[in-house]
Amino acid sequence: MKGDTYVAPAFAARSACPAVNTSVQLVLIPLFEKYFRCKSFYLIANEDGQVHGILPLIQIKSWLFGNRMVSQAFSNYGGLLSDQSSASDALYNCAVELAKESGCESIEFRNTESLPYDLESNRDKITMHLQLTSDPDEL
């Protein structure tokens, strides 16, 4: 489940999930660890060498907000991505266990769609989309 960091970008590239964005790129993980001093985890669900889901997590320890696990802590959204419910379940369960082992008080999944688990919803963020024209003169 935790490991091979080279297969995740391939899954993100072939994924039809609309939540795939630059925040799932592995190149950012060393930057988070070096400059923000956060511990990063990249969970991968695979079966027979085929990746079926990814879940990037960052552990944030703060005197103000406590010890917590956040999917894409430095993005507005981005979380559990999978193409199978069994992969989603495995990633979710692994994240819960990892958060417990790390002494985290909570996990924040920043998915754009609700996850099928009994989770408390946090509504303190919004995202607005504005359709822009492709003509620079009209902008």
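1. Start at the surface. Tyrosine 35 counts as exposed because its relative accessibility is 57% (exposed is over 50% relative accessible area, buried under 20%, partly exposed in between; 1.4 Å probe, protein chains only). Tyrosine 35 lies in helix H2, residues 29-35 (helices are DSSP runs of H or I of at least four residues, strands are E runs of at least two, both numbered from the N terminus).

2. A word on the basis. This is a predicted model, in which local features need pLDDT of at least 70 and side-chain atom pairs count only at pLDDT 80 or more, while totals for chains, interfaces and linings use all residues. Residues are numbered from 1 along each chain as its sequence is written, and side-chain values use heavy atoms, leaving out hydrogens and water.

3. Now the aromatic rings. A pair of aromatic rings is described by the distance of the centres and the angle of the planes. Rings of Phe, Tyr and Trp (its six-membered ring) pair if their centres lie within 6.5 Å; planes under 30 degrees apart are stacked, over 60 edge-to-face, the rest tilted. By this rule there are two aromatic pairs. Tyrosine 92 and phenylalanine 109 make a tilted pair, with 5.8 Å from centre to centre and 35 degrees between the planes. This pair links distant parts of the chain, 17 residues apart: tyrosine 92 is in helix H3 (residues 85-101), phenylalanine 109 in the segment after strand S5 (106-108). Both residues are buried.

4. Tyrosine 92 also pairs with tyrosine 117. Their ring centres are 4.0 Å apart and their planes at 5 degrees, so this pair is stacked. Again distant parts of the chain are linked: tyrosine 117 is in the segment after S5, 25 residues from tyrosine 92 in helix H3. Tyrosine 117 counts as buried, at 18% relative accessibility. Tyrosine 92 is buried too, at 14%. Tyr92, Phe109 and Tyr117 form one aromatic cluster.

5. Which residue has its C-alpha atom 8.1 Å from that of phenylalanine 109? Glutamine 72, 37 residues away along the chain. Glutamine 72 sits in the loop between strand S3 (66-70) and strand S4 (81-82). Its relative accessible area is 3%, so glutamine 72 is buried.

6. Strand S3 holds arginine 68. Arginine 68 is buried, with 19% relative accessible area. Its side chain makes a polar contact of 3.1 Å with that of glutamate 108 (N or O atoms within 3.5 Å; within protein, one must be able to donate a hydrogen and the other to accept it, and residues adjacent in sequence count only if both atoms are side-chain atoms).
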